[in-house]
Structures are given as structure tokens and as C-alpha cells.
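Dear colleague,

I am handing over the structure below, and my notes on its pocket, its core and its ring contacts follow.

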Amino acid sequence: MPKPTKGPRLGGGPAHERLLLANLAAALYTHKSIKTTETKAKRLRPLAERLITFAKRGDLHARRRVLSVIGDKEVVHTLFTEIAPLVADREGGYTRITKVGNRKGDNAPMAVIELVLEPVTPKAKSTKKAAAAPQAEKPAEEAPAEETAEVVEEAPAEEAPAAEDTTEAPAAEEKSE
């Protein structure tokens with residue numbers, strides 16, 4: 001048996017809450033963005049994202065499951081034909097909640113919940129080794145090739161006499177003892 005959600009329902013019993021959230025989801029898919037209270041927006045987000053996940057599947061069973069929640073064929077058609085292709089590459093996070101202050105009449109905290117329809121930019125998968133390697137290569141790539149060649153030629157010439165001096169000094173100390 002499913003465990004009921006804690007706390008009071010949104011304005012009534014569980015059946016009223018289901019209808020309210022279904023209507024909010026239908027309005028969200030129709031208008032792409034709606035203004036509601038923060039509490040309703042937070043309760044709507046999981047339902048709306050689950051329905052979008054069904055729409056991404058696109059098969060008949062998924063369409064019937066979404067129809068059982070929303071009930072309006074035109075909204076379901078919009079969800080499956082327009083919204084689902086736009087979020088096909090996105091792996092979740094289809095909605096965004098933005099707080100917009102309090103309502104004038106009763107001072108209720110308001111929020112705008114909107115669909116995130118921008119194309120997703122895939123992040124490069126990085127490991128610790130891969131992240132460290134590009135940082136080490138960047139300074140070498142930024143410097144021109146002529147300057148790096150000059151630095152390489154000058155560095156061994158300076159190090160070689162210094163190395164000989166250090167080896168001769170201990171050898172001289174050993175001979176004197």
C-alpha cells in the first residue's frame with residue numbers, strides 16, 4: 001500500500017490534490033510557464049517531470065498513462081509532439097522554479113514554474129587524471145614555439161657548469177683530507 005504524503009493536502013483531500021496537480025500540469029504544458037504558489041510549484045514538479053519522461057518514451061502505453069492523469073487529449077498531444085522532442089537529450093530537470101515574491105492580497109509566497117526547453121550542452125566527462133593533464137599542457141601551448149626553444153637551449157647550458165662546480169668541490173675536499 002502506498003504511504004500517503006505527510007502534512008495537509010493542497011486545499012482538500014487527496015482526490016482534490018490529484019485534480020489540482022493534473023490541471024496545473026496541463027496548464028504548464030499548454031503555456032510553458034505558469035505563476036502559482038511555491039508550495040503548489042514544489043508539489044507539481046515531480047508529477048510534471050514524470051509525465052515528460054513518459055512522453056519521451058513516446059509509445060502507446062506511455063501516452064495512455066499520461067492520458068489517465070491529465071485527461072485532455074490536446075494537451076497530451078502537445079506534450080508528446082512538441083515538448084518531448086525538445087527535451088529528448090536532457091536527462092531530467094525539465095522544470096525550473098523561480099521565486100517571485102509574495103502575492104499582494106494574502107502575502108502568499110509566489111513562484112513561476114517553467115519548462116526548460118533550451119538545448120542541453122553536454123559536459124565533458126573528466127577524471128582526476130584528465131583534469132590535471134590539460135592544466136599542465138595549457139602553459140606550454142600558450143607560449144610561442146620560438147620562446148620555448150630558446151628557454152630549452154639556455155637552461156641546460158646554465159645548469160651544466162653549475163653541476164660541474166658542485167661535483168668538483170666535494171672531490172677537492174676529499175683530496176685535501
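H1 supplies six residues to the lining of the largest pocket, the largest share, and H1 (14–31), H2 (38–57) and H3 (60–70) each give at least two; helices here are DSSP runs (H or I, at least four residues), as strands are (E, at least two), numbered from the N terminus. The model is predicted, so to speak of local features pLDDT of at least 70 is needed, side-chain atom pairs count only at pLDDT 80 or more, and totals for chains, interfaces and linings use all residues. Residues are numbered from 1 along each chain as its sequence is written, and side-chain values use heavy atoms, without hydrogens and water.

The space in this pocket is about 420 Å³ (an open set of points on a 1 Å grid over the protein atoms alone, where a 1.4 Å probe fits, with protein on both sides within 12 Å along at least five of seven lines; lining residues have an atom within 4 Å of a point). Of its 16 lining residues, Pro 14, Glu 17, Arg 18, Leu 21 and Arg 43 are the closest to its centre.

Finally, the charged end of Arg 63 sits over the ring of Phe 80, 4.5 Å from its centre (CZ of Arg, or NZ of Lys, within 6 Å of the ring centre and within 35 degrees of the ring normal).

Best regards

Key: Grid points are joined across faces, edges and corners, and a volume is the space filled by probe spheres set on the points.
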